[in-house]
Amino acid sequence: MDKQNNTTKETAIFAGGCFWCTEAVFQRLKGVESVVPGYTGGTIKNPAYREICTGRTGHAEAIKITFDPSQVSYTELLEVFFATHDPTTLNRQGNDVGTQYRSEIFYTNPEQKELAQQFIALLEKEGIFVSPIVTAISGEKPFYLAEEEHHNYYNDHQQQPYCQVIIDPKIKKLNTYFSKKLQHGTL
């Protein structure tokens, strides 16, 4: 609870492949106050990007989202999460391969766990994906901020080929399917 503004803020932690991609997507949503890239779910303290890239630390590239649930619900965040990455590939997103690119939800309270389980069950029941969803659901683990050069990556490097080939299509999909949920001026 943010006592100064008398509003409640919540935290969501998602790993959906490269954190440059997921950060760019969630930064654009109404009600999202901040998105920071980092590492979670691993075995060592204060890991560095070069260690994460080896896949030996057990960490996933993840984002920590601070959001206002009166403007965007956790379920809406789940909807965007599942629509903008492939939750059916184990330890892989496109050409990014390794446990650091896994699909995982790190819930911060029991309600988030239940909502994530229900959402995945609904997606499976409706046959939204051809293959089974492999997204793990785990309790919150220590979250270590990524190095500064990874913060706001897409917004600062949109002309780089990786951004144009990998992230631009996710942003276009976001703009197409979630336009009413976007902050003004973020298309």
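Cys18 is buried, with a relative accessible area of 7%, where buried means under 20% relative accessible area, exposed over 50% and partly exposed in between, for a 1.4 Å probe and protein chains only. This is a predicted model, in which local features need pLDDT of at least 70 and side-chain atom pairs count only at pLDDT 80 or more, while totals for chains, interfaces and linings use all residues. Residues are numbered from 1 along each chain as its sequence is written, and side-chain values use heavy atoms, with hydrogens and water left out.

UniProt, in an unreviewed entry, places the feature "active site" at Cys18; UniProt positions follow the numbering used here, feature names are shortened, and annotations may be inferred rather than shown by experiment. Cys18 sits in the loop between β1 (10-16) and α1. Helices (H or I, at least four residues) and strands (E, at least two) are DSSP runs, numbered from the N terminus. Leaving aside neighbours within four places in sequence, Cys18 is in contact with Glu61, Asp96, Tyr101 and Tyr162, contact meaning heavy atoms within 4.5 Å.

The same record carries the annotation "domain: Peptide methionine sulphoxide reductase MsrA" (unreviewed entry) over residues 11-164. Across residues 11-164 the chain is 31% helix and 25% strand, and the end C-alpha atoms are 29 Å apart.

Tyr162 lies in helix α6 and counts as partly exposed, at 25% relative accessibility. Not counting residues up to four places away in sequence, Tyr162 touches Cys18, Trp20, Cys21, Asp96 and Ile167.

What about the aromatic rings? The structure holds 9 aromatic pairs. The ring centres of Trp20 and Tyr162 are 5.5 Å apart with the planes at 85°, so this pair is edge-to-face. The pair links distant parts of the chain, with Trp20 in helix α1 (residues 19-26) and Tyr162 in helix α6 (residues 161-177), 142 residues apart. Rings of Phe, Tyr and Trp (its six-membered ring) pair if their centres lie within 6.5 Å; planes under 30 degrees apart count as stacked, over 60 as edge-to-face and the rest as tilted. Trp20 is buried, with a relative accessible area of 14%. One aromatic cluster is formed by Phe14, Phe26, Tyr74, Phe81, Phe82 and Phe119.

On a 1 Å grid over the protein atoms alone, a cavity is a set of points where a 1.4 Å probe fits but cannot get out, and a pocket is an open set with protein on both sides within 12 Å along at least five of seven lines; lining residues have an atom within 4 Å of a point. Grid points are joined across faces, edges and corners, and a volume is the space filled by probe spheres set on the points.

| Space | Volume | Lining by class |
|---|---|---|
| Largest pocket | about 180 Å³ | 4 nonpolar, 5 polar, 2 charged residues |
| Largest cavity | about 30 Å³ | 3 nonpolar, 3 polar, 1 charged residues |

Here Ala, Val, Leu, Ile, Met, Phe, Trp, Tyr, Cys and Pro count as nonpolar, Asp, Glu, Lys and Arg as charged, and the others, Gly among them, as polar. The residues lining the largest pocket include Cys18, Cys21, Asp96, Tyr162 and Lys170, and the largest share of that lining, 3 residues, comes from α6. Lining the largest cavity are Cys21, Thr22, Val25, Phe81, Thr84, His85 and Lys170, with the largest share, 3 residues, coming from α1.
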